[in-house]
Amino acid sequence: MKRTLCNAVLALCLFPLAGCLHAPPAGATRGIVEIKNTQVRDGDNPDQFVLHINTLTGVVIGEHTVLTVAHTFADEPSSDHQITIDGRVIEYTIIADGWGGLRSDQDLADKPAEMNDIQEDYLLLKTTESFSDIAQFVPLEYERADELRNLYLVTRRVETGKVEAMLAKRVSFVKDLRYILVDLPGKAHEGFYLSGSPLIGTYEDGTLVLVGIVKGTGDLLIESDGVERKFDHQFFVFPAYRIPFDLITEP
């Protein structure tokens, strides 16, 4: 999915390599799960399901709560829409859906980048089944973004399913923190289940922080003061401070 953005302003850039840890912050890889949507509709025949499974990454943030991206569902989920988490069919209800009521009007591949970049791509699920491996962090606070250190994208490798944490080369907060761009080393855009993967960092006092979750990847052409710069293979991250965690009620 390639995106072009012509009027972005890079409001804040962090370079977490300076003084960073050589390993991800303690606890950064906890709670990572595989999410599969087994009911993907055929674009040409909407009444039929295709033999394609949409696989994403999620993070368990409570014994009965999972966070991932809203594009887990390509269309509005019905009450019996089946998904699996780590290979188990999971019964769930939706706590908050960033695309709720909007999917039928959207074709993400054709919409302007500005529309995509402000899209609220998050999904909070309340599950009947319980999880024991639970992430422990605080969501990013808007006012504390400049305190962030040691930012890692925690994701899963396609071939093995192994959880890996990759150090960010550069993190840019764009449009007054409406979304976040992440630059990673090498070919990190290949071979990983990136959608839904959490970006994890720490505050200066060592507190583990959920910075946001990956909603897509693409290339950017940014114009600033008449000068164009191309940014290849950027990761678009939906910031955690915009996710309504206050709606969560654990049983």
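This report covers a sheet, a strand residue and several aromatic contacts in one predicted model.

## Basis of the model

Residues are numbered from 1 along each chain as its sequence is written, and side-chain values use heavy atoms, with hydrogens and water left out. The model is predicted: local features need pLDDT of at least 70, side-chain atom pairs count only at pLDDT 80 or more, and totals for chains, interfaces and linings use all residues.

## The seven-stranded sheet

Seven strands form an open sheet. Their order is S6-S5-S2-S3-S4-S8-S7, and the pairing is antiparallel. The edge strands are S6 (88-89) and S7 (92-97); each pairs on one side only. Strands here are DSSP runs (E, at least two residues), numbered from the N terminus. Two strands pair if DSSP finds at least two bridges between them.

Strand S5 (residues 83-85) runs antiparallel to S6, and two bridges join them. Ile85 has Arg88 in S6 as its bridge partner.

## Met166 in strand S11

Met166 sits in strand S11 (residues 163-167). Its relative accessible area is 12%, so Met166 is buried. Buried means under 20% relative accessible area, exposed over 50%, and partly exposed in between (1.4 Å probe, protein chains only). Tyr152 is 14 residues away along the chain, yet the C-alpha atoms of Met166 and Tyr152 are separated by 5.2 Å.

## Aromatic pairs

The structure holds three aromatic pairs. Rings of Phe, Tyr and Trp (its six-membered ring) pair if their centres lie within 6.5 Å; planes under 30 degrees apart count as stacked, over 60 as edge-to-face and the rest as tilted. One of the pairs is Phe73 with Tyr92: the centres are 6.2 Å apart and the planes at 25°, so the pair is stacked. Phe73 lies in the loop between strand S4 (65-68) and S5, and Tyr92 in strand S7, so the pair ties together parts 19 residues apart in sequence. Phe73 is buried at 0% relative accessibility. Tyr92 is buried too, with a relative accessible area of 15%.

Tyr142 and Tyr241 form an edge-to-face pair, 5.2 Å centre to centre with 65° between the planes. Tyr142 lies in the loop between strand S9 (138-139) and strand S10 (149-157), and Tyr241 in the segment after strand S17 (227-239), so this pair ties together parts 99 residues apart in sequence. Tyr142 is partly exposed, at 32% relative accessible area. Tyr241 is partly exposed at 27%.

## A charge over a ring

Arg144 lies over the face of Tyr203, at 3.7 Å from the ring centre. The criterion is NZ of Lys or CZ of Arg within 6 Å of the ring centre and within 35 degrees of the ring normal.

Key:
Helix = DSSP H or I, 4+ residues; strand = E, 2+ residues; numbered from the N terminus.
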